[in-house]
Amino acid sequence: MSRAGTGAGGLMPDRREQGDFFLCDVFDAIPKDDLASMEHPLFSLATRPDLRVLKYAHNGVEIEVTPSVRGLATLHDKDILIFCISQLMAALNAGRAVSRTLQLKAHDLLVATNRETSGDAYRRLREAFERLAGTRITTNIVTGETETTSGFGLIERWEIVRKTRGGRMISVSVTLSEWLYRAVLGRAVLTLSRDYFRLRKPLERRIYELARKHCGRQDSWRVSVDTLLKKSGSASPRRVFRAMLREMITSDHLPDYRLSEEPGDLIRFTQRAAVIEGPPPVLSEAALAEARRLAPGMDVHALAADWRALWARTGAQRLRKPDAAFLGWLRKRL
């Protein structure tokens, strides 16, 4: 699945509708991220408590991020939001009702985001919930079709619903901010590579987010080092930031995209996959319904995305019967 090794500087090992609340029960939901936080730096890249007040302004967008006593929410804390967004989008794609309050199993969240499931991991997860709830954002970013200037937490509230006798959380209830929930309902999200959660360094994750948002499915995207530094939210001096980019270019393990340095202090992002001639294969509703029968509880749209990715990697050949090819692949996988 991955090209990269598992050394200290590479990718981590690959571990991988209910009235008032939404139950997170979609197995293997495809990772989704909201466009606003991919575009703008809302999270700290620090690995230690960060008590700075962050201010950012770019092209009419203004953001101020204020920490709680526990510090700013970090990019690794964002895994919780990505998990919630992924579950909500999988449910919406399946035609299910959703809610701003989600009930999830802590173990499922840890596994889906490629984390260990040790007692210490549950402690760090609780700290992440506290930072997400305590960090306050004031911004005029548009989500959905609404532009407002408002202040809010990244999550409105959270609570441990069940825990073991030893105090380890089992089930957690999370209420997303209205701002983030509106983005999900407006489908202002993008799909992430599953290898995103294997990136060790916060800056690597942030650079991937920016590449996914701005390069997308284009062949390439060029950006100045200065602009990339600003949009990343990194607190490093320019020369240090450039050195870190060069290290990423050398290691070359960013999912989906390859980085290169160009004259004029520019960084170019290029898609790893070859450009595909023609549209990807289209699956019928009958095929998706059969997939749901074969794989109950799984996100059939995520499965279809995985199958199309495999189709692209293996030559993007024209298929006379895409439904049969997809279902045949699914039966072998199960």
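This is a predicted model: local features need pLDDT of at least 70, side-chain atom pairs count only at pLDDT 80 or more; totals for chains, interfaces and linings use all residues.
A residue counts as buried when its relative accessible area is under 20%, and as exposed when that area is over 50%.

**Entry: strand β11**

I looked up how enclosed β11 is. Seven of the eight residues in this strand, residues 169–176, are buried, so the rest of the structure largely encloses it.

Next I looked up its partners. Strand β5, residues 101–105, runs antiparallel to β11 and is joined to it by five bridges. In that pairing Leu102 has Val174 of β11 as its bridge partner. Strand β10, residues 155–163, is also antiparallel to β11, with seven bridges between them. Here I found Trp158 opposite Val174. I noted Val174 under both pairings, with Leu102 and with Trp158.

**Entry: the whole chain**

I then stepped back to the chain as a whole. It has 334 residues, and 48% of them count as buried. I listed eleven helices and 15 strands. The chain exposes about 16200 Å², and carbon and sulfur atoms supply 50% of that area.

**Entry: an open sheet**

In which order do the strands of the open four-stranded sheet lie? The order is β3-β4-β6-β9, and the pairing is antiparallel. The edges are β3 (54–58) and β9 (150–153); each has a single partner strand, so one side of each has no neighbour in the sheet. From one strand to the next, the twist averages 15°.

Strand β4, residues 61–66, and strand β6, residues 136–139, are antiparallel and share four bridges. Thr66 has Arg136 in β6 as its bridge partner.

I looked up what pairs with β15, residues 266–271. Strand β13, residues 220–224, pairs with β15 in the antiparallel sense over five bridges.

The bridge partner of Glu262 in β15 is Leu266. β14 and β15 form a hairpin with three residues between the strands, and Gly264 in that hairpin takes a positive phi near 90°.

I then looked up residues other than glycine.

Arg187 is not a glycine, yet its phi is positive, at about 55°. It comes just after α5, in the loop between α5 (178–185) and β12 (189–191). Is Arg187 buried, partly exposed or exposed? Its relative accessible area is 43%, so Arg187 is partly exposed. In α5 itself I noted that Trp179, Leu180, Tyr181, Ala183 and Val184 are buried.

Asp256 is another residue other than glycine with a positive phi, near 75°. It sits in the loop between α8 (238–251) and β14. Its relative accessibility is 28%, so Asp256 counts as partly exposed.

**Entry: the largest cavity**

Rolling a probe the size of a water molecule over the atoms shows where empty space is left. How much space lies in the largest cavity? I found about 40 Å³ there.

The lining consists of Ser37, His40, Pro41, Leu42, Phe43, Leu45, Leu75, Arg206 and Glu209. Sorted by class, this lining has five nonpolar, two polar and two charged residues.

**Entry: Ala286**

Last, I looked up Ala286, which is in helix α9, residues 285–294. Its relative accessibility is 56%, so Ala286 counts as exposed. I also noted its distance to Asp323, which is 37 residues away along the chain. The C-alpha atoms of Ala286 and Asp323 are 8.6 Å apart.

Notes: Residues are numbered from 1 along each chain as its sequence is written. Side-chain values use heavy atoms; hydrogens and water are left out. Two strands pair if DSSP finds at least two bridges between them. Helices (H or I, at least four residues) and strands (E, at least two) are DSSP runs, numbered from the N terminus. On a 1 Å grid over the protein atoms alone, a cavity is a set of points where a 1.4 Å probe fits but cannot get out, and a pocket is an open set with protein on both sides within 12 Å along at least five of seven lines; lining residues have an atom within 4 Å of a point. Grid points are joined across faces, edges and corners, and a volume is the space filled by probe spheres set on the points. Ala, Val, Leu, Ile, Met, Phe, Trp, Tyr, Cys and Pro count as nonpolar, Asp, Glu, Lys and Arg as charged, and the others, Gly among them, as polar. Buried means under 20% relative accessible area, exposed over 50%, partly exposed in between (1.4 Å probe, protein chains only). Accessible areas come from the Shrake-Rupley method with a 1.4 Å probe; for residues, only the protein chains shown count as cover. Axes are lines fitted to C-alpha atoms, for helices over the stretch in contact, and angles run from 0 to 180 degrees between N-to-C directions.
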